[in-house]
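Please take a moment to turn the model around on your screen before reading on. The paragraphs below walk through it piece by piece.

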Amino acid sequence: MSTATPRPSAPATSTGWSLGGITVHRVDEIELPRQTGPWLLPDATKGVLDQAPWLRPDFADAEAPRLASHSFAVRAGGLRIVVDTGIGNAKPRANPAWNGLDTDFLERLTAAGFPPESVDLVITTHLHTDHVGWNTRPAGDDWVPTFPNARYLTGRTEWDHWAAADLDPARAQMFRDSVHPVRDAGQYEPVAVPEQGPGVEVAPGVLLVPAAGHTPGQIAVELRGGDRRALITGDSIHHPVQLSHPHVSSCVDTDPAQAVRTRTRLLDALADTDALLLGTHFPHPTGGTVRREDGRYRLLAEPGTALPAAA
């Protein structure tokens, strides 16, 4: 277990969105350090940010993009679903900003009406460290599933890719403490998601859709409520600057060209509709609608409202 000094948690929030039959709560973990933006998105320079003045002040400061780590807690068809589980507490990590965290994430999740034992599904958009951390929690010297009654889903292509990969030490540690204990408990279920098509429905109105590029088998999550739909991005869109400049890539994309194609496809499908885009790493206000403007895309922010805790 890490003994690093814990980072303070982000302010609590009960922000959420109602789609008509489906509700989505944002559950904060931490705001990512300022240096994360220039490292992760090196082409998102001040000059690029200046070309999209709508990014400031919410999504960028004068020089750099802002990013955050959070989960989305979804209520659909009577099921409680958590999409991506962040960095997690007490985990030894090579990234100092992620090492040995001690946040109140589970208390926030519970306050939103999603105590861990009540969660039915955990959806992992891809198997990166900052998306699987709360998959498990410490129990003595072991790690056990945080959500003991949940099925954990991820894409079959994603699962198979990492199962065959030669893992570096940091990634191997992440799999040991955050993925393998869930697999060994029989709770991880890889889902075959075709590279093309409408996606695979895993709960009423909840679809896994292909979003490869950042990783070979990444998925995004589409929500189809009675009133409108929403798309939870995973890391297909790290930051709103990638709306105005879809060719801005992450430094850790496995296939940057594919990531650009995926991003453009998703944005084109959302543009000029009332569909809600929910960014997995977008800072507050997190969501909005996509509009075409002067040959580019932009985000019209739609801050969530206070939602009652799931009954």
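**A walk through the fold**

Helix H5, residues 156-164, lies across strand S8 (151-155) and strand S9, and it runs at about 85 degrees to S8. Keep in mind as you look that this is a predicted model.

Strands S8 and S9 bring us to the sheet they belong to. Eight strands make up this open sheet, in the order S9-S8-S5-S4-S3-S2-S1-S17, with mixed pairing. At its edges are strand S9 (188-191) and strand S17 (305-306), each of which pairs on one side only. Within the sheet, strand S1 (residues 15-18) and strand S2 (residues 22-31) are antiparallel partners, joined over three bridges.

Strand S10 (residues 200-203) pairs with strand S11 (residues 206-210) in the antiparallel sense over three bridges, and Glu 201 has Leu 207 in S11 as its bridge partner. The two strands form a hairpin with two residues between them, and Gly 205 in the turn has a positive phi of about 80 degrees. Going on along the sheet, S11 and strand S12 (residues 219-224) are also antiparallel, this time over five bridges. Here the bridge partner of Pro 210 is Ile 219 in S12.

Which residues does Thr 280 touch beyond its neighbours within four places in sequence? They are Ala 68, His 70, Phe 72, Asp 84, His 131, Ile 232, Thr 233 and Gly 234. Thr 280 is located in the loop between strand S14 (276-278) and strand S15 (287-293). Because its relative accessibility is 2%, Thr 280 counts as buried. A polar atom of its side chain lies 2.9 Å from the backbone nitrogen of Gly 234.

The loop between S14 and S15 also holds Pro 285. The peptide bond leading from His 284 to Pro 285 is cis, with omega near 15 degrees. Another cis peptide bond joins Arg 56 and Pro 57, where omega is about 10 degrees. Pro 57 sits in the loop between helix H2 (46-50) and strand S3 (68-76).

Asp 272 is not a glycine, yet it has a positive phi of about 60 degrees. It lies in the loop between helix H8 (256-270) and S14, and with 43% relative accessibility it counts as partly exposed. Asp 294, likewise not a glycine, has a positive phi of about 55 degrees. Asp 294 belongs to the loop between S15 and strand S16 (296-301). Is Asp 294 buried or exposed? With a relative accessible area of 77%, Asp 294 is exposed.

Next comes the empty space. Rolling a probe the size of a water molecule over the atoms shows where such space is left. The largest pocket has a volume of about 480 Å³. Its lining consists of 21 residues, and those nearest its centre are Trp 39, Trp 98, Thr 129, Asp 130 and Arg 171. The elements giving two or more residues to this lining are helix H1 (36-40), helix H4 (129-132) and helix H6 (169-184).

Helix H6 also contains Pro 181, our last stop. This proline is buried, with a relative accessible area of 13%. Leaving aside neighbours within four places in sequence, Pro 181 is in contact with Thr 136, Trp 143, Pro 145, Phe 175 and Arg 176.

Conventions
Residues numbered from 1 in each chain as written. Predicted model: local features only at pLDDT ≥ 70, side-chain atom pairs only at ≥ 80, totals over all residues. Heavy atoms only, no water. Helix = DSSP H or I, 4+ residues; strand = E, 2+ residues; numbered from the N terminus. Buried < 20%, exposed > 50% of the residue type's maximum accessible area, 1.4 Å probe, protein only. Polar contact = N/O pair within 3.5 Å; in protein donor to acceptor, adjacent residues only side chain to side chain. Contact = heavy atoms within 4.5 Å. Pairing = 2+ DSSP bridges. Axes fitted to C-alpha atoms, helices over the stretch in contact; angles between N-to-C directions. 1 Å grid on protein atoms, 1.4 Å probe; cavity = no way out; pocket = protein on both sides within 12 Å on 5 of 7 lines; lining within 4 Å. Points joined across faces, edges and corners; volume = space filled by probe spheres on them.
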